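Below is a short report on charged pairs and strand pairing. The sequence and the structure come first.

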Amino acid sequence: MKYFSKEDGVVYDELLGGTHEPIEIGNVSLSGGASVKRGELICESDGAWSPVSSANDKNKNLAIATADFTADSIQAVTPAFFSGVFNREKIICGAESASLDVATFEVEMRKQNLRLTSIKNY
């Protein structure tokens, strides 16, 4: 995990939907072999985190991956968003299942301080 990185310029990928709610980032232990993309909705099961895979995952602790990351065969630690405002169009939800969308998880996300908004075109 990087503790320091230098970036040239600023790239806005539209994942963050505003700063009017505090953004909280914390570390999560990804399940061995799990792979996540920035903006992917993840859930906790028995202390390990992995991408949401069914509608039943809405009853678990939820977070949003801050960066692309792949865990080795053992658990690995990566940062995730635990609160903030995010654009619903940029949330990746159940990449392996086309039947899942962010609306399935929206009520539970709100309870966990993961607020959703939409990209506004002016």
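## A link across the chain

In this predicted model, R38 and D13 form a salt bridge, with their closest N and O atoms 2.4 Å apart. The pair joins distant parts of the chain. R38 sits in the loop between β3 (35-36) and β4 (41-45), while D13 belongs to the segment before β1 (16-18).

How accessible are the two partners? R38 has a relative accessibility of 29%, so R38 counts as partly exposed. D13 has a relative accessible area of 32% and is partly exposed.

## Salt bridges around helix α1

The whole structure holds six salt bridges. One of them pairs E106 with R88, the closest N and O atoms being 3.1 Å apart. E106 lies in helix α1 (residues 102-111), and R88 lies in the loop between β8 (76-87) and α1. The pair therefore ties together parts that are 18 residues apart in sequence. R88 is partly exposed because its relative accessibility is 26%. R88 and E106 also belong to a network of salt bridges that includes R110.

A further salt bridge connects E108 and K111. Here the closest N and O atoms are 3.6 Å apart. Why are E108 and K111 separated by about one helical turn? They are three residues apart in helix α1. K111 is exposed, with a relative accessible area of 59%. That value is over the 50% cut-off, so K111 falls in the exposed class.

Side chains of opposite charge can pair when their charged atoms come close.

## Strand β4 and its partners

Which strands pair with β4 in the antiparallel sense? One is strand β6 (residues 62-65), which pairs with β4 over three bridges. In this pairing, L41 stands opposite I64 in β6.

Strand β5 (residues 48-51) also pairs with β4 in the antiparallel sense, over four bridges. I42 stands opposite P51 in β5. β4 and β5 form a hairpin with two residues between the strands. In that hairpin, D46 takes a positive phi near 55°.

## Recap

R88, E106 and R110 form a salt-bridge network. Strand β4 pairs with β6 and with β5.

Definitions and conventions. Residues numbered from 1 in each chain as written. Predicted model: local features only at pLDDT ≥ 70, side-chain atom pairs only at ≥ 80, totals over all residues. Heavy atoms only, no water. Salt bridge = Lys/Arg side-chain N within 4 Å of Asp/Glu carboxyl O. Buried < 20%, exposed > 50% of the residue type's maximum accessible area, 1.4 Å probe, protein only. Pairing = 2+ DSSP bridges.
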